[in-house]
Amino acid sequence: MAFEPNIVGFLCNWCSYAGADLAGVSRIQYPTNLRVIRVMCSGRVEPAVVLSILAEGADGVMITGCHIGDCHYIDGNLHAKRKYELTRRLVEKTGLKTGRLRLEWVSAAEGQRFADLVNDFTEQIRELGPSPLSGTTPDLGLLLKVRAAKAAAEGFRLRALVGKEEKTVTDGNVYGEEVTQEEWDKVMTESVETEYSRHRIHIALTEAPGSVKELSEKLGMGSQAVLEHIVALRQLGWVDVQEIRGTSPVYVTMEVPQ
Amino acid sequence: MRKVGAVMVVGGGIAGIQASLDLADSGFKVYLVEKEPSIGGVMTQLDKTFPTNDCAMCILAPKLVGAGRHPNIELVPYSELKKVEGEEGDFKVTLNRKAMRVDPEKCTGCGDCAQKCPVSAIDKYNEGLGERKGIFILYSQAVPLVFAIDKEKCLGCGICAEVCKAEAIRYDEEDTEVEVEVGSIILAPGFEEFDPRIVTEYGYGRYPNVVTSIEFERILSATGPYRGTVLRPSDGELPRKVAFLQCVGSRDDRVGNPYCSGVCCMYAIKEAVIAEEHNPGLEPTIFFMDIRAFGKEFDDYYARAEEERGVRFIRCRVSHTDQEPDSKDLYVTYVEDGEVKKERFDMVVLSVGMNPPADADKLADIMGFELNDYGFAKTGLFTPLETTRPGVYVCGAFASPKDIPDSVAQASGAAAKAGRAIASQRGTLITSAEYPAERDISGEEPRVGVFVCHCGINIGGVVDVPEVVEYARALPGVAYVERNLYTCSQDTQESIKEKILENSLNRVVVASCTPRTHEPMFRATLQEAGLNPYLFEMANIRDQCSWVHMHQPEAATEKAKDLVRMAVAKARLIQPLKKPRIDVTPAALVIGGGLSGMTAALELADQGIETHLVEKEDELGGNLRRIKFVLGGEDPQAKLGELVGRVKGHENIRVHIGTRVEDIQGYIGNFETTLLSKAGEEAVKHGVVILATGGVEYQPSEYLYGEDDGVMTQLELEEKLVEGFSPDTVVMIQCVGSRCEERPYCSRICCNDAVKNALKVKEANPCSEVFVLYKDMRTYGFNEDYYRKAAKEGVLFIRYDDEHKPEVTNDGGLRVRVLDPVLNEDIVIEPDALVLSAGVLPALDNQRLAGLLKVPLSKDGFFLEAHMKLRPLDFATDGVFLCGMAHGPKAIDESISQACGAAARAMTILSKETLETEGAIARVNEDLCSGCRMCEGVCEFNAVEMVEQDGEVHSHILEELCKGCGVCAATCPSGAITAGHFTDGEILAQVRAALTEVSR
């Protein structure tokens, strides 16, 4: 049987959803693989939701919003872009193909463009093949990574950073200084790496308590880096030492504060 | 000339804090300037301290809080000097106060901002082993407890302002210039740890498991990155074998630090011992050149480390370390017994030395004082506290590398100097709180007001505060309850006062954080509302509830209710207490007329205090009379003459020579002493006692001393050398009468004396041969220069140990036979002079004086201070101080520092007409007292005296001396003693309240 991708699409109420309606009104044909979720604004689509959809085994996620400058909510789409960027960074970390994601702008007048987009994205996903997380035997290792990415996306730090990005990079910071995209990206890159790694460790420890060495081997992270994350996680109260086995402290997860 | 009654202290480490406290307590306004946002300095980073293994933060925190809350100390954090104008007595200082961007008046230190800050930065407090946020406090007990924004790291995202419920964030704050007028300046900027990246052969910065000693302190610390378990930074494994490499950045000419840092031997031993305590089975090895355990009871600590704690000591300088790339294990290469060895270790700790502070040049430039060759403040042997600019004083590591007690003593000394220069202005710039008259609440039923704090979300985010409020409302005796976003904020204080008056409250309970930091403030609020400050109780529902049960909100709420119920139960019973006031006799008694005693007397007399200086001999001067020359070229006899002249001519000093202290009665502020001389008995009244009884040179019984004229002590040699004695061959034997079984302590001064005399011999006769037979050369600090000079000039230093002591014989000529450990064979020397470095013994009279004053002696016979680390000049008995060799062997500059320090400590009492002491103290019900004296035995402060009345002996508490510990009350078999504010009734009420709901 031929591979039929499962694609989830988030469409903003004001432009993209209307554009999709227009495609219908215009009877423009496109593949059936897309399942649409209507949201009022593309800016509502948070990285954690996208990541959980991917974890559930969807083959692709598409987000569409108003063109830049056209947003019904002034600049919700700019936030959508920032959030998408974070999602993409996190997906990249997991090793899942970033081609399974797409963000596009579709206006209420672009029925054809919407249909073309669906065609194109479906084809793209078809080429990528089924998600390793789909079906009855998902890649469990990858699944843990995606879950870590999702948890990272849910955390305050990344949510806060992405929430502040647009305003700060555009209007300058609270000191009235200019903050370049490069500067912000540098912080984002570091923060994504940190948060993702910490959740990787945390999830691995939820599966089974382990030592720095074991975690290092299991996660393919340098042991020094693992220890540094463990230090931070202990500070947060997420993990603690369960016992000392030989010369290795064995860490275990604690209940995570909300 | 105008003088200003204020002092600026630059540097908020332990030395700066001590100097500030001493000055502020003796009537001067103090500006304590610190470059970081919080005071505390390096000591806050230490895990434990030698030789007592006290937790550093536990002993430091009270001083931090004391300085932070002192009405006469203004903290000027996050600030640097910019300009100093004027002269001694009248300086105008311009400071650059860096923007913290947080309003210190509004910030409650709750930490919500840091929790939400998305930016991470390197945690300097944890030496980069952990991370902190873009908005931060240096460490969790920081004083002042005000967050600061790290502008370098801050993205300017604005989140902290959004989450700060106290509205304390000020993004628009700029650096500001602050001008202050002060009469004296004290420099206490501390030191910079040596950066071992320069010493590339040890691999620091390249090998993750090579760490510095200060990093290792953080690793050892329970508040550190690894929570006190020693882990390898490369893989988080527990190390088994840990090597400590000494003298990294010390005694090393290549890196420009030929001096000895003086502290590393001891801290390495401490770290080794503590590491093994934290990780049982850990095997520490210390690679050293000399173990310089020269301080009080240090050698004991060293011996215990080696004999009882299994620390392995290897005498050698390590050539290099290598890393095994996969395991990240380290291989240490060293030479032992002439053989090159390579040994594997899991971790290597570099004992890094002390550099001068990074901004020393700038400081010197701005202030206009000179630095020495190594960038530390230049001082003199007889002027250890003065910089080259009049009115600018120095203390702590910036004067020369030193440990904590020496820094603290010197800080007090600098305070004396700074205060003396402006003594006429004492009391002109200080403020004292004025409170309304206290309302008499006797006969009133308890009306308790309960104030429950949300602490932003710190409490409210876990504990259901409204529920606690409702619960408190129903408790017996409670007349009023409210909740506050921050109960500690300034506006809440106003509201508490109003509520006290509106509701006729006569007890107040605050359920918030810890009384350790906040009780004094709330008590002051009560006083402002006309209530006795003791009518206050706290329930700690944050530090001990919400913060520790973050994931159990329901249980935490129940616990908070319990804590409030307990506090209310106690509050209903607490009573107003009076703080006793005692009059102070503005006079001092200094016992001992040597260098220390004379110096202390002069410091006090110059500040207008009538001082009795008692010397048992017929002449002033003590040991200094026998010192004919010193390292560095100053003339000790000229200095002595000057000193004696000033003492004898001073209008405020009465010199009692040939006099013995027969008896001392009384207590702080009110002593009465009987002096006995040939002229008969004389009684003198005084407010304080300073013990400066000195020490005496040991009279050797070994090495043919007293049998052969060629054998002499160092002091005897010194006397001969000035008379022109010029021997061709000299052998000096170190540690005669010190570091032996009978006297295990190090006499501290003998290595320097030997080097001094060896150089003198060489100077007179460059062809002479001088051999110094030693165990460890302990020329700590800058005196290392002279040791190197001596070696360069051909003085031969030969090490011996207890198993191979030198043998001295005389069969027609002195012969010394000693094993040369380098050649591993005996060598025989036939000297003209055999000089014994005889140790320092405590003064003979110490025992008797200790009995008279009821103060303790150490097992070596020197006086034992109140606390070896932070109270080096005090006794537990108030009003009695010590300095100089009475405390232990020490050098001239150290004795002067201590003597000035003791004077400063004394001035904290003598500057006041009356003293207010603790109100929550013990009281005796004489009818119940059986006169058994058990209370007298348990009191550490000599606050219990037995009095006879109507033929019956009963106990009497000296209110002035009682600290309120309650031990006597808990000991008294007759139930005759009540511990104020912690009565049996009050405690039982709390206990019952704690158990009621549990058993429900």
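A residue counts as buried when its relative accessible area is under 20%, as exposed when that area is over 50%, and as partly exposed in between, with a 1.4 Å probe and protein chains only. By that criterion, helix 5 (residues 213–220) of chain B is mostly covered, since eight of its eight residues are buried. The model is a predicted one, in which local features need pLDDT of at least 70 and side-chain atom pairs count only at pLDDT 80 or more, while totals for chains, interfaces and linings use all residues. Residues are numbered from 1 along each chain as its sequence is written, chains are lettered from A and ligands numbered from 1 in the order in which they are written, and side-chain values use heavy atoms, with hydrogens and water left out.

**Helix 5 of chain B**
- Helices (H or I, at least four residues) and strands (E, at least two) are DSSP runs, numbered from the N terminus.
- The buried residues of helix 5 of chain B include Ile214(B), Phe216(B), Ile219(B) and Leu220(B), and also Glu215(B), Glu217(B) and Arg218(B).
- These buried residues pack against several elements of chain B, among them strand 16 (241–248), helix 6 (264–278) and strand 22 (347–352), where contact means heavy atoms within 4.5 Å.

**Helix 9 and helix 21 of chain B**
- Helix 9 (residues 404–421) and helix 21 (residues 892–910) of chain B pack at an angle of about 65°, with their axes 6 Å apart; axes are lines fitted to C-alpha atoms, for helices over the stretch in contact, and angles run from 0 to 180 degrees between N-to-C directions.
- Helix 9 of chain B is therefore roughly perpendicular to helix 21 of chain B, a label for angles of 65 to 115 degrees.
- Residues of helix 9 of chain B, including Ala409(B), Gly413(B) and Lys417(B), meet residues of helix 21 of chain B, including Cys900(B), Gly901(B) and Arg905(B).

**Asn503(B)**
- Asn503(B) lies in the loop between helix 11 (490–502) and strand 27 (507–512) of chain B, and is buried, with a relative accessible area of 18%.
- Leaving aside its neighbours within four places in sequence, Asn503(B) is in contact with Arg447(B) and Tyr480(B).

**A sheet in chain B**
- Three strands of chain B form an open sheet in the order 19-20-21, with antiparallel pairing, two strands being paired if DSSP finds at least two bridges between them.
- The edge strands, strand 19 (320–323) and strand 21 (339–345) of chain B, each pair on one side only.
- Four bridges join strand 19 of chain B to strand 20 (residues 330–336) of chain B, and the bridge partner of His320(B) in strand 20 is Thr333(B).

Technical notes: Parallel < 35°, antiparallel > 145°, perpendicular 65-115°, else oblique.
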